[in-house]
Amino acid sequence: FGLPILEAFHAEVPVITSNVSSMPEVAGQAAILINPDDHHEIYQAMKTLNGSEDLKKELIKKGKIQREKFSWDIASEKIYASLKKIALN
């Protein structure tokens with residue numbers, strides 16, 4: 001699902017992640033998305049991130065916002081609302 005991405009957001013570290021599966025949805029605009037099969041792209045993302053304190057700070061700031069979209073409280077409320085809707089129909 002992308003729990004390591006959310007863990008990184010909570011640890012307040014910048015994220016580089018895959019651009020496939022659910023990773024882009026979880027990461028949003030708060031990470032550098034790369035093709036996991038392209039070693040050069042992975043290297044370039046690491047080099048870019050390593051060379052820019054501003055980019056690191058920006059990704060960490062965005063990660064703090066993005067992580068709030070995936071709280072257990074929100075998930076449980078959505079599940080409860082869905083179950084309630086099904087039960088009433």
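This is a predicted model: local features need pLDDT of at least 70, side-chain atom pairs count only at pLDDT 80 or more; totals for chains, interfaces and linings use all residues.

Reply: Two residues are said to be in contact when they have heavy atoms within 4.5 Å of each other. Residues are numbered from 1 along each chain as its sequence is written, and side-chain values use heavy atoms, with hydrogens and water left out.

Helix 4 covers residues 53–67, where helices (H or I, at least four residues) and strands (E, at least two) are DSSP runs, numbered from the N terminus. The expected span of a helix is 1.5 Å times one less than its number of residues; the 15 residues of helix 4 should therefore span 21 Å, and this agrees with its end C-alpha atoms, which are 21 Å apart.

Next comes the question of which side of the helix faces inwards. A residue is called buried under 20% relative accessible area, exposed over 50%, and partly exposed in between (1.4 Å probe, protein chains only). In helix 4 the buried residues are L55, L59, G63, Q66 and R67. Viewed down the axis of helix 4, these buried residues fall within an arc of 90 degrees (taken from the directions from the helix axis to the C-beta atoms), so they line one face of the helix. An α-helix has 3.6 residues a turn, so residues three or four places apart point the same way. On the face of helix 4 turned away from the buried side are the exposed residues D54, K57, K61 and I65.

What do the buried residues of helix 4 pack against? Their partners are helix 1, helix 2, strand 2 (32–34) and helix 3 (39–50).

A30 also belongs to the largest nonpolar core, a set of 10 residues that holds I5, L6, A8, F9, V15, M23, V26, A27, A30 and A31. Such a core is a set of buried Ala, Val, Leu, Ile, Met, Phe, Trp, Tyr and Cys residues joined through side-chain atoms within 4.5 Å. Helix 1 (3–11) and helix 2 (23–27) each supply at least two residues of this core, and the largest share, four residues, comes from helix 1.

Beyond helix 4, the chain runs into the loop between helix 4 and helix 5 (72–88), where F70 lies. The structure holds one aromatic pair, and in this pair the rings of F1 and F70 have their centres 5.9 Å apart and their planes at 65 degrees, so the pair is edge-to-face. Rings of Phe, Tyr and Trp (its six-membered ring) pair if their centres lie within 6.5 Å, and planes under 30 degrees apart count as stacked, over 60 as edge-to-face and the rest as tilted. Because F1 lies in the segment before helix 1, the pair ties together parts that are 69 residues apart in sequence. F1 is exposed, with a relative accessible area of 55%, whereas F70 is partly exposed, with a relative accessible area of 24%.
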